[in-house]
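Subject: Structure handover

Hello,

Here is the structure for you to look through. Please open it first, then read on.

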Amino acid sequence: DSDGVLGMYDTVSGQFFTNAGTGEFVAGLPVSIKIATTKYNERQFAPVETRLDAAVAAVDTVVTQTMNQAQAIDQIATTKQTRPDEGCTAKYCLLVEDEDGTPHWYPIAGANGVAHNLPAGYTELQYLQSSGTQNIITDLTGFDTGNWEIYTKFMSTSETQTSYGYIVSVYSGESTNAYRVIFSGANGQRFLLSGNNKAGSGNIAVAGEVNRVYEATVKNGSVVFDGVTYETPTQGTALANNIPLTILGGVNGNPYAKARIYSVKATQDGVLRADYIPARHDADNGKLGLYDMVSGQFFTNAGTGTFTAGPDM
């Protein structure tokens, strides 16, 4: 308290309980939480007062309740980077010092999650939604060599998807291997998954639901879907090296998916090759698409009609 007496403060009753024994308690160091106003990726972070309301409220909660650092970070961060020289790639970052003065960077989450630090002129979106005639054709190829993993976070939005709807795919025909996540509503709601294996009988069928967010990673020889690993059958013929990764539809358009895309990432031999983020290009009349955090390219609709934008991050 203000007289330096040590004890335990009850945040429910407002009472302060002190030593009932002899001798004296030993006090730990005060909690030290600092909001960074430093530069990263040539972006000047604003003071905390001008940041996301959710982040400000979280920091206020921490200060009011005088939590320890671990509890504080659990409330306002989703992941941590413990090396400050690696910086923080989120739009808003929190700098916290350990009791020994060691700094740590943490991304601050807003109402819709942790936002990436997109270039000026772009606004990150929570998701990009297709009505069934829009798709994205990337320029990422070379899937015939190396160990690839394609991750996607998505939601199918229509039970009336009459046949197939490709969420992500590297596929050109039934005679080739494929990386694919497909939703089908024709024979009950299900997902067909293939991890670089011969198409058709090589698919793994998994029961699924609409309007539910799933995560899937298709790779050489297996698929991880909704946290469960499925081994895929023996590989068939090799993929052609010029087949691009396509999202929300096939390389030639159909079959389009009626779905939301939250994230798509591709790695080759453990190296991140692409990280696609739903975004709006405000500097180009609000055009919608996927921004690649690796190449800095912005990919827009290769189909017809228009995407629907999710909330701003």
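Which residues make a nonpolar surface patch of about 280 Å²? They are Val5, Tyr9 and Phe16. Bear in mind that this is a predicted model. Find Phe16 in strand β2, which covers residues 16-18. Phe16 has 32% relative accessibility, so it counts as partly exposed. The cut-offs for that class are 20% and 50%.

The whole chain

Now zoom out. The chain holds 2 helices and 24 strands. It has 313 residues, and 43% of them are buried. Next, take the contacts between residues at least 6 apart in sequence. Of these, 61% join residues at least 24 apart.

Go to strand β16, residues 213-219. It pairs with strand β11, residues 148-156. The two run antiparallel and are joined by 7 bridges. To see the pairing, look at Val213 in β16, with Met155 opposite.

β16 also pairs with strand β17, residues 222-225. That pairing is antiparallel too, over 4 bridges. Here Val218 stands opposite Val223 in β17.

β16 and β17 form a hairpin with 2 residues between the strands. Gly221 in this hairpin has a positive phi, near 90 degrees.

What is the phi of Leu248 near? It is near 65 degrees, a positive value in a residue other than glycine. Leu248 sits in the loop between β19 (246-247) and β20 (259-268). Is Leu248 buried or exposed? Its relative accessibility is 1%, so it counts as buried.

Asn285 is another case. Its phi is near 60 degrees, again positive in a residue other than glycine. Look for Asn285 in the loop between β21 (271-281) and β22 (287-292). Asn285 has a relative accessible area of 81%, so it is exposed.

Thr246 and its contacts

Stay with β19 for a moment. Thr246 is found in this strand. Its relative accessible area is 0%, so Thr246 is buried. What does the side chain of Thr246 reach at 2.9 Å? It reaches the backbone oxygen of Gly249.

Thr246 also touches residues that lie beyond four places away in sequence. They are Ile136, Ile137, Ile167, Val168, Ser169 and Val251. Select them together with Thr246 and look at how they are placed.

Ser158 in a loop

One last stop. Ser158 lies in the loop between β11 and β12 (164-170). Leave aside the neighbours within four places in sequence, and Ser158 is in contact with Phe183, Val210 and Lys258.

Where to begin

Begin with the patch of Val5, Tyr9 and Phe16. Then follow β16 to its partners, β11 and β17. Finish with Thr246 and Ser158 and the residues they touch.

Best wishes

Key: Residues numbered from 1 in each chain as written. Predicted model: local features only at pLDDT ≥ 70, side-chain atom pairs only at ≥ 80, totals over all residues. Heavy atoms only, no water. Patch = residues over 30% accessible without salt bridge, like charges linked within 9 Å, V, L, I, M, F, W, Y side chains within 5 Å. Areas by Shrake-Rupley, 256 points an atom, 1.4 Å probe, with all protein chains shown as cover. Salt bridge = Lys/Arg side-chain N within 4 Å of Asp/Glu carboxyl O. Buried < 20%, exposed > 50% of the residue type's maximum accessible area, 1.4 Å probe, protein only. Pairing = 2+ DSSP bridges. Contact = heavy atoms within 4.5 Å. Polar contact = N/O pair within 3.5 Å; in protein donor to acceptor, adjacent residues only side chain to side chain.
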